[in-house]
Amino acid sequence: MSAAPLLQGASRATGTAEPAFVRLLLVGIALTFLALFLFTPLAFVFVQALRKGMGVYLAAISEPDAVDAIRLTLLVAAIAVPLNLVFGIAAAWTIAKFTFPGKNVLVTLIDVPFSVSPVVSGLIYVLIFGLQGWFGGWLQEHDVKVIFAVPGIVLATIFVTFPFVARELIPLMQAQGTEQEEAATVLGAGGWQTFFRVTLPNVKWGLLYGVILCNARAMGEFGAVSVVSGHIRGATNTLPLHVEILYNEYQFAAAFAVASLLALLALVTLALKYVVERRTGRHLQPQERELP
Amino acid sequence: MNTSTMGVPADECRNLATDPNFRMARAFDVEGAAVLDRPRTNGRVLPGFGLGLGYTLLYLGLIVLIPLSAAFIKTAQLTWPAFVDIVTAPRVVASYRLTFGASLGAATINMVFGLIVAWVLVRYPFPGKRLVDALVDLPFALPTAVAGIALTGLFAPTGWFGAWLTPIGIKVAFTPLGVLVALTFIGLPFVVRTVQPVLEELPRELEEAAATLGASRWQSFRRVVFPILTPALLTGFALAFARATGEYGSVIFIAGNMPMVSEITPLLVITKLEQYDYTGATAIAVVMLVAAFALLLLINALQVWTRRRQGASV
C-alpha cells in the first residue's frame with residue numbers, strides 16, 4: 001500500500017486487476033441485474049400506491065379492515081417475537097456455554113423450520129388443531145378455536161420465525177467462551193445476575209439483530225399464515241393477507257398502498273440491520289441469517 | 001499448568017483437562033475449599049444447564065418436532081400404493097417439474113449474476129455502493145406477498161416491463177416464466193452473501209503470485225480464485241434452490257396457477273386443503289419435507305467444505 005502510487009497503478013493495469021472496460025462491464029451487468037430484479041419492484045410498489053393520489057392512499061390504509069389487519073399483525077408479532085427471543089436465549093446459553101452429547105443434532109433441529117415450506121408450516125398445525133386433527137374434536141367440544149382464528153396465526157408465525165434469535169446468538173456466544181461468566185460466578189454472582197450483567201451486555205447487538213429479522217418475518221409472513229387464517233376480514237386478516245384480498249378484488253391502488261406499509265417495514269429493517277452490522281463491524285454469513 | 005505437582009490423581013486431571021467447563025472448578029478444588037460448600041451439579045461451574053436444556057427441548061418439541069411428526073404420522077396411515085398414487089398423479093408430477101425446474105433455473109441465474117454482484121461489491125469502487133450492498137438483502141426483508149404483486153404488476157402485459165416484452169412475443173406474467181422471475185427475486189441474496197465474505201478474505205497475494213508467475217488475469221481468476229470460491233458458490237446455489245422449492249407467496253400472484261402448466265407444488269397442497277382432502281395435501285407435503293431435509297443435509301455438507309477450502313487458502 002505504501003509503495004509508490006505509480007507502481008501500484010502499473011500493477012493494477014496488468015497483474016492483479018482487470019482492464020478498465022472489463023471493470024465497467026461487470027459493474028454495468030451487476031447494477032442492471034439488481035435494477036431489474038430489486039430496485040424496480042421496490043419503486044413500483046410506492047409508485048402504484050400513490051398513483052391515485054394521497055387521498056386514496058390514506059383512505060386505503062385507514063379504512064377499518066386495514067386498521068384491523070395492522071392491529072392483528074402487531075399483536076401476532078408482539079406474541080411471537082418475545083417467545084422466540086426467550087427460546088433463543090435459553091437455547092444459545094445451553095448450546096454455547098455447556099458441552100453435552102447430541103449438541104450438533106440439536107443445532108440442526110433448531111434450523112429445521114427454515115427449510116420447511118411456509119405452506120407445510122401452516123398445514124402441520126391444521127393437522128393437529130383443525131377439525132379433523134388430533135385435538136379437533138376436543139377443541140370443538142370446549143368451544144376453543146385455534147385454526148381459522150388468532151391462536152393458529154400466532155402458532156404458524158412462531159414456527160416460521162423460530163430459529164432467528166437462536167441462530168444469531170449461538171455462534172456469537174460460542175465465540176465469546178465461558179471465562180467471563182465463570183469469573184462472575186466465582187466472584188459470587190448468581191445465575192441471573194451473571195446473565196444480565198455479563199452475558200447480555202456482550203451479546204446485545206447480536207440479540208437486536210436477531211429480533212429485527214424475526215420481527216420482519218413475523219409481520220410479513222404470508223404462506224403459513226394464509227393456510228391457518230381462513231381469511232376472515234376484520235378478524236383473522238393480517239397485513240399480507242389483506243394485500244392479497246385487495247389485489248384479488250382488483251383494488252390495485254389500495255393493495256399497493258397497504259403493501260407499501262410492508263415495504264416500508266422492510267426498508268426500516270434493512271436500515272436497522274445496516275446500523276447493527278456497522279456497530280459490530282461484521283459481515284454476517286448467510287448461514288447466520290435467513291435460510292430457506 | 002503442570003497438574004502432577006498439585007497432588008491430584010493423574011486420571012482425574014486428564015478428565016478435567018479435556019473439558020473446558022471443568023477448568024475453573026479444578027482450580028478451586030485444588031486450591032482449597034472454595035467450592036466445597038457449593039453443590040456441584042455434574043461438575044459444571046455455570047448454572048442454568050438443566051433449565052436451559054429443558055426449556056429448549058420442550059419448546060422445540062412443542063412448536064417444531066411434534067407438529068412436523070403429525071405430517072408423517074398422518075401419511076403413515078396410508079398404504080404404500082395409495083401414497084404412491086397420490087404423489088405421482090399427473091397433476092402432481094407436473095407441479096414437481098415446474099417447481100424444481102424453475103427453482104433450478106432461478107438458482108442458476110442467481111449463481112451467475114450473484115457471483116458478478118459479489119465480485120463488483122468486493123473489488124470495485126462505484127458511487128452508491130453501500131446503498132446497493134444494503135439493498136441486496138431486500139428479498140429477505142420484503143414480505144413475499146408484496147414482492148408477488150409488484151413483480152406481477154411489472155410483468156403484466158400493461159406493466160413497465162410487460163409493455164416492452166409483450167410486443168416481442170415474450171409473456172412472463174401468468175406463465176411458467178413468471179414463476180422463474182419470482183423465484184429469481186427471492187433467491188437473489190443467497191449467492192451474493194455466501195460468496196462475498198470468502199472473496200473479502202481471499203489474500204491478494206495469491207493473485208499477485210499467479211501474475212508474477214506469468215498468468216494472465218483470466219487464468220489467475222479461473223485457476224486460482226474460482227476454485228476457492230466454488231464451495232461458497234455451490235452453497236449459495238443450494239440455499240437459493242432450497243428456498244425456491246418451498247416458496248409460495250411471491251409465486252402465486254404471477255404464476256397464473258393453471259393446473260398442469262403453471263401450478264407449483266406448494267399451491268397444490270393448499271388447493272387440496274381447500275377441498276378438504278387432508279390426506280392428499282399431507283402426502284404431497286411429506287414429499288416436500290423429505291426433499292427439504294435432503295437439501296438441508298447437502299447444504300450442511302457444502303458449508304463444511306466451504307470452511308475447509310477457505311481455511312486451506314488462508
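Reader: Which residues is Ala166(A) in contact with, leaving aside its neighbours within four places in sequence?

Author: Ala166(A) is in contact with Phe87(A), Gly88(A), Ala91(A), Ala92(A) and Ile110(A). Two residues are in contact if their C-beta atoms, placed from the backbone, lie within 7 Å. Please keep in mind that this is a predicted model, where local features need pLDDT of at least 70, side-chain atom pairs count only at pLDDT 80 or more, and totals for chains, interfaces and linings use all residues. Residues are numbered from 1 along each chain as its sequence is written, and chains are lettered from A and ligands numbered from 1 in the order in which they are written.

Reader: Why is Ala166(A) called buried?

Author: Ala166(A) has 24 other C-beta atoms within 10 Å. The label buried asks for 20 or more such atoms (exposed means 12 or fewer, partly exposed in between, with C-beta atoms placed from the backbone), so Ala166(A) is buried. The residue is found in helix 9 (residues 164-176) of chain A; helices here are DSSP runs of H or I with at least four residues, strands are runs of E with at least two, and both are numbered from the N terminus.

Reader: How many residues of chain B are in contact with chain A, and which helix gives the largest share?

Author: 85 residues of chain B are in contact with 80 residues of chain A. Helix 3 (residues 49-76) of chain B supplies the largest share of that side, 14 residues.

Reader: What does Val146(B) touch?

Author: Not counting residues up to four places away in sequence, Val146(B) touches Val45(A), Val243(A), Ala259(A), Leu262(A) and Ala263(A).

Reader: How confident is the predictor in chain A?

Author: The average pLDDT, a confidence in each residue from 0 to 100, is 87 for chain A, and 91% of the residues score at least 70. Over residues 1-13 of chain A, pLDDT stays under 50.
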